[in-house]
2 protein chains.
Amino acid sequence: MNTVPFQTVYKSLQALPYIRCIGESWPMAKERAYFEAITLKEHGGLCPDHVPEVYHFDSSMCLIGMRYIEPPHIILRKGLIAGIEYPLLAEHVSDYMAKTLFYTSLLYLTTTDHKSAVAKYCGNVEMCRLTEQVVFSDPYKVSEHNHWTSPYLDSDAGAVREDNLLKLEIAELKSKFCERAQALIHGDLHTGSIMVTGDSTQVIDPEFGFYGPMGFDIGAFVGNLILAYFAQDGHAVDGNDRKHYKVWILRTITETWNLFYKKFTALWDEHKDGPGEAYLPAIYNNPDVQLLVKQKYMKELFHDTLGFGAAKMIRRIVGVAHVADFESIKEAKKRADCERKALNFAKNLLKGRRNFQSISEVVSAMEKLD
Amino acid sequence: MNTVPFQTVYKSLQALPYIRCIGESWPMAKERAYFEAITLKEHGGLCPDHVPEVYHFDSSMCLIGMRYIEPPHIILRKGLIAGIEYPLLAEHVSDYMAKTLFYTSLLYLTTTDHKSAVAKYCGNVEMCRLTEQVVFSDPYKVSEHNHWTSPYLDSDAGAVREDNLLKLEIAELKSKFCERAQALIHGDLHTGSIMVTGDSTQVIDPEFGFYGPMGFDIGAFVGNLILAYFAQDGHAVDGNDRKHYKVWILRTITETWNLFYKKFTALWDEHKDGPGEAYLPAIYNNPDVQLLVKQKYMKELFHDTLGFGAAKMIRRIVGVAHVADFESIKEAKKRADCERKALNFAKNLLKGRRNFQSISEVVSAMEKLD
């Protein structure tokens with residue numbers, strides 16, 4: 001949710017009965033405030049350094065009283081548009097993702113605790129349906145909500161709607177999103193849901209929180225960094241061609257995945273004797289099989305990440321809600337050129353994600369296309 | 001649940017607070033009667049021809065009043081041991097599986113209805129945990145509950161516990177079982193959960209019902225037919241070598257999958273305009289992409305079926321609860337020979353399931369091993 005300052009140390013968020021960025025024509029259940037509050041509390045307990053504290057939740061008013069994230073914190077997306085480097089970003093976000101995803105998965109939970117948590121978050125169905133529509137459906141069909149930089153991208157948008165292999169892949173990801181209760185995910189972890197300074201990173205707005213596939217969160221973050229990368233040429237000005245900054249974005253993408261991998265598997269090692277019930281110690285605690293299951297799990301998660309990341313990119317270019325990274329490029333032709341590169345990269349990533357074995361291969365492919 | 005006759009047209013089932021086949025040492029929540037009752041009602045509404053009607057459920061007594069499935073109905077497993085052919089079995093069971101699985105999946109349901117049903121069945125966690133233990137865990141580790149035809153299968157049972165690739169595959173299936181809410185499955189669809197005559201087939205005992213992977217049901221049935229096949233040599237007597245009967249079992253396996261495929265995809269065609277939200281008509285209703293998504297969906301379901309089927313076979317040979325197909329072979333050496341063939345086939349199937357493109361290839365592999 002968007003936030004309204006309350007006083008200097010508190011912030012109050014109140015859910016509106018419609019989607020703010022679209023208006024009253026698209027109603028939205030106020031209950032999302034409840035799921036935002038409980039996800040903030042759950043994730044905050046697991047990763048207090050990067051999740052603002054909730055002081056109070058009033059369900060009748062749909063009101064959350066929480067830590068006021070003070071200046072100079074700004075929304076990460078704005079920082080990426082301004083060309084500001086955040087040297088600790090990959091470290092912090094990988095920390096948040098590793099902890100929140102690991103500790104809410106069956107790698108740490110018993111199946112009893114997992115199933116009861118899954119049931120609780122099934123109530124957040126309206127927010128899931130919004131994601132289903134805007135991420136997995138609308139971009140692939142004619143929809144009144146879709147728009148793009150016209151006329152430049154008219155044929156590109158049309159090509160998305162005619163691409164059968166793309167539709168095949170997006171269907172697989174939608175099915176994972178709807179059916180696979182892997183962990184308590186944030187559900188909307190783009191660069192507009194993160195507030196930053198040079199040494200602080202705070203993840204906000206988990207109103208889409210539910211038990212879904214981990215790759216949806218990691219992909220949202222990585223996909224939005226890729227969007228930021230392809231938008232940089234549109235922000236280049238005399239004296240600052242953004243080349244150096246683009247290198248930093250690529251490094252941040254690489255470090256995010258690699259640090260996530262390291263931290264997530266370290267948590268797995270630390271808790272390999274329980275209480276998680278996915279891999280019982282009596283079966284999986286010999287080093288050979290430990291390595292095999294970990295490699296297999298992380299490989300699937302990597303490919304999920306790339307797939308969901310690509311899906312989140314596509315929807316930001318030809319779907320309903322666009323991102324300031326591109327929207328702030330005033331010249332339409334220039335904006336369309338940036339968007340087309342991002343769109344083509346995303347389409348190839350979605351269809352060919354299983355061909356990538358490491359994040360550095362992804363980054364190389366980005367550089368090649370650029 | 002095992003059943004106690006009540007009167008000639010009713011049957012009452014009362015849940016005991018422990019697992020009947022093991023005894024009071026293994027307690028079990030009486031709430032399973034509730035999930036049995038609601039699954040019977042749900043599946044019965046979708047496929048009344050093959051699910052007995054529930055007349056009354058008393059939650060305080062954990063008591064179900066339901067149709068008495070009258071003689072000459074017998075448990076299918078007993079018929080398979082006796083060598084009785086059921087010419088309509090594949091037709092009926094494929095009908096039951098196609099209807100119950102299709103209509104409770106996102107191919108037919110809205111995500112709102114699906115998520116609310118998923119939440120309701122999350123309460124059946126204790127039965128899911130029993131399956132997790134006896135199917136996906138115990139056979140792959142030392143467990144006091146495990147037993148096998150000793151000493152003949154000692155090294156075979158040991159080999160299962162040392163097979164890292166097998167453990168890798170069973171972990172993937174366990175994760176699907178725990179995390180993937182694909183459809184309302186029966187959860188225990190072996191040949192002991194089906195009552196038959198020459199022209200009637202009734203599916204009983206869905207106390208394990210929950211939203212899980214469809215392949216778990218189809219695999220349970222197919223896997224238990226494969227067990228029945230490999231047990232036949234142990235039932236051969238002078239004058240009846242069971243060769244003809246084995247051909248019938250193979251044909252039934254082939255027909256079950258092929259008829260299921262046909263009926264399930266026919267339901268999909270029939271309802272391709274909704275209300276199911278997995279494949280929206282505006283995106284998927286051109287013939288090319290329809291075919292592609294269907295092929296992909298059914299291929300994954302086929303491989304799930306083989307994987308879960310193999311897992312259900314393995315647990316019946318080296319796990320806690322065995323099947324009468326083998327147990328009724330009195331001579332231990334002969335029984336062990338039958339079981340070893342089935343076990344080896346199941347291990348290869350679990351590890352190599354993705355190499356099979358059709359059910360006839362599976363049947364050929366069975367004949368080759370035999």
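Two colleagues talk through selected features of this predicted model.

Biologist: Why is B:Ile253 called buried?

Modeller: Buried means under 20% relative accessible area. B:Ile253 has a relative accessible area of 0%, so B:Ile253 is buried.

Biologist: Where does B:Ile253 lie, and what does B:Ile253 touch?

Modeller: B:Ile253 lies in helix H9 (residues 243-270) of chain B. Leaving aside residues up to four places away in sequence, B:Ile253 touches B:Val222, B:Leu225, B:Ile226, B:Ile359, B:Val363 and B:Met366.

Biologist: How far apart are B:Ile253 and B:Ile75?

Modeller: In sequence, 178 residues apart. In space, B:Ile253 and B:Ile75 are 18 Å apart, C-alpha to C-alpha.

Biologist: B:Ile75 falls in strand S7 (74-75) of chain B. What sheet does S7 of chain B belong to?

Modeller: An open sheet of three strands, in the order S7-S9-S10 (chain B). The pairing is antiparallel.

Biologist: What makes S7 and S10 of chain B edge strands?

Modeller: Strand S7 (74-75) and strand S10 (201-203) of chain B each have a single partner strand, so one side of each has no neighbour in the sheet.

Biologist: How do you know that S9(B) and S10(B) pair?

Modeller: Pairing needs at least two bridges. Three bridges join strand S9 (residues 194-196) of chain B to S10(B), so the two strands pair.

Biologist: What lies across S9 and S10 of chain B?

Modeller: Helix H3 (residues 89-103) of chain B. Helix H3 runs at about 35° to S10(B).

Biologist: What is the strand order in the open sheet of chain A?

Modeller: S7-S9-S10 (chain A), with antiparallel pairing. Strand S7 (74-75) and strand S10 (201-203) of chain A stand at the edges, because each has a single partner strand.

Biologist: How do you know that S7(A) pairs with S9(A)?

Modeller: Two bridges join S7(A) to strand S9 (residues 194-196) of chain A. The cut-off is at least two bridges, so S7(A) and S9(A) pair. A:Ile75 has A:Met195 of S9(A) as its bridge partner.

Biologist: What joins S5(A) to S6(A)?

Modeller: Four bridges join strand S5 (residues 54-58) of chain A to strand S6 (residues 63-67) of chain A, and the strands run antiparallel. A:His56 has A:Gly65 as its bridge partner in S6(A). This hairpin has four residues between the strands, and A:Cys62 takes a positive phi near 55°.

Biologist: What residues make the contact between H4(A) and H5(B)?

Modeller: A:Thr111, A:Thr112 and A:Lys115 come from H4(A). B:Val125, B:Cys128, B:Arg129 and B:Glu132 come from H5(B).

Biologist: How do you know that the span of helix H1 of chain B agrees with its number of residues?

Modeller: Helix H1 (residues 32-46) of chain B has 15 residues. At 1.5 Å a residue they should span 21 Å, and the end C-alpha atoms are 21 Å apart, so the two values agree.

Biologist: Which residues of H1(B) are buried?

Modeller: Among them are B:Phe35, B:Ile38, B:Leu40 and B:His43.

Notes. Residues are numbered from 1 along each chain as its sequence is written. Chains are lettered from A and ligands numbered from 1 in the order in which they are written. This is a predicted model: local features need pLDDT of at least 70, side-chain atom pairs count only at pLDDT 80 or more; totals for chains, interfaces and linings use all residues. Side-chain values use heavy atoms; hydrogens and water are left out. Contact means heavy atoms within 4.5 Å. Axes are lines fitted to C-alpha atoms, for helices over the stretch in contact, and angles run from 0 to 180 degrees between N-to-C directions. The expected span of a helix is 1.5 Å times one less than its number of residues. Buried means under 20% relative accessible area, exposed over 50%, partly exposed in between (1.4 Å probe, protein chains only).
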